[in-house]
Amino acid sequence: MNSIIIKNLTKKFGQITAINNLTLNIEEGKITGLIGADASGKTTLIRLIIGLLKPDNGEISILNLNPGKQKSEITKRIGYMPQKFGLYEDLTVIENLKLYADLKKQPYKFDKMLEFTKLSDFQDRLAGALSGGMKQKLGLACTLLGNPEVLLLDEPSVGVDPVSRIDLMKMVRELITPQTTVLWSTAYLDEAHSFDKAVILDKGEIIFNGKPTDLADTTKNFENKVIELMGGYKTEISKIAENYPTVEQNIEYSVEADNLEKKYGDFYAVKNNTFCIKKGEIFGLLGPNGAGKSTSFKMMCGLIKPTSGSAKIMGIDIKENPVKARSNLGYMAQKFSLYGSLTVEQNLRFFASVYGIGILNRKERINEILDIFDLREIANQKSESLPLGYKQRLSMACALIHNPPVLFLDEPTSGVDIIARHKFWNHITALAKKGVTILVTTHFMDEAEFCDRISLFYKGKTITIGTPKELKEKANAKTMQEAFIKLVQEGDK
């Protein structure tokens, strides 16, 4: 029996076809993965299914109801978690649960949910103060209240570490009934084999629909098959690196952190963080959500003041001379931090002025950046309306507009599809060969393999440093994903 039936569905936004004559059945009691690139149509399809959008053509039935005419009845029987789930950040964990229980007319029975999500000890913490993984678990817990018949999850694991992603899937499988239908959208291909069925979207059309094992038995081969289905990827010369000046320096280390600490009351967000990075090295800072990676980044950039310790960029102490130190640094923040109401070109103009590019050179540099990053066609679009992949590209363009010798990338490919990630890392590795020193965080363990060295960070402290090969050997693991999970679990003991 099918819980969701879709026939010849089409949805356009102006000249853009988001969903193109799509036909699909979602089976009751199964977890179906909706996998696709940024702007492939995943979110549009989910919103059409639950009646938040109206189709241009085609038919949709969910639980034998028409979302266009019976939306209120559907709402009572489903759970929907959008990409940016609406937690109230100024409410505590328990207050959020009570609020959603009231909305769904459910009793305040949260003991099992709190225990399962490991949030029992954080009931009085504000949702805004939770780590990314904790927020997603709380959001999912709120969505699961009332035992919905259909669960629609729009990229619930985006920006979440491998351990927490496993927890989210375990949570869904163990807290739903056997009859519950789940549609889970994701850009993470390594999640595919945890689904009963996989539906791969590309440009609003289905390019694969079946069991993940029908396409490939292993995650890596699955990724290769999907890349083939999406038209393939060929490594090209990086225009970004090709136009970048070779970094010259006469000091041993480009980046230094010496016993960096950040304390909030009695809580250490970062404790005794020490590392040195040489010119042209790609240094990975890995760890679960809430480990202290972003706090370390912000201290290194001078955005927050460390409780103790020091940080240097190109030999310049960030506390003693923050302006000069930051002039050597390009910073791409974890969350899209550009100005959404400004166009692409206006953002570039603003950051060019902030980084001290003179008026005479500014126009020429912006034109050069628009061409190098393939942003010319969208130069006059507001950045808030861009697909995620373009937002990430614009963020990187703004970080590199002044040709800094050091680049900080805080989860730069979060939520981006596999082909866009390959292109992004092609640029990163090429920049490193030009002498650019790169500090990067990521939750994609296949990306960790591109790092020259990795510091594994947990509960505010470094638990090990080494090459990807050394970390795998230490954990007796075949993959970085396996090594990450094992080393973090050992850090808990």
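Two strands pair if DSSP finds at least two bridges between them. Helices (H or I, at least four residues) and strands (E, at least two) are DSSP runs, numbered from the N terminus. The model is predicted: local features need pLDDT of at least 70, side-chain atom pairs count only at pLDDT 80 or more, and totals for chains, interfaces and linings use all residues. Residue numbers start from 1 along each chain as its sequence is written, and side-chain values use heavy atoms, leaving out hydrogens and water.

**View 1. A three-stranded open sheet.** The strand order is β2-β1-β4, with antiparallel pairing. Strands β2 (16-27) and β4 (57-62) are at the edges with a single partner strand each, so one side of each lacks a neighbour in the sheet. Direction ignored, neighbouring strands are turned by 15° against each other on average.

**View 2. The pairing of β1 with β4.** Strand β1 (residues 2-13) runs antiparallel to β4, and five bridges join them. Lys7 has Glu59 of β4 as its bridge partner.

**View 3. Helix α1 on the sheet strands.** Helix α1 (residues 42-49) lies across β1, β2 and β4. Its angle to β1 is about 120°. Axes are lines fitted to C-alpha atoms, for helices over the stretch in contact (heavy atoms within 4.5 Å). Angles run from 0 to 180 degrees between N-to-C directions.

**View 4. Packing of α6 with α18.** Helices α6 (residues 162-175) and α18 (residues 480-492) pack at about 90°, with axes 9 Å apart. That makes α6 roughly perpendicular to α18 (65 to 115 degrees). Pro162, Val163 and Ile166 of α6 meet Gln481, Phe484, Ile485 and Val488 of α18.

Methods: Parallel < 35°, antiparallel > 145°, perpendicular 65-115°, else oblique.
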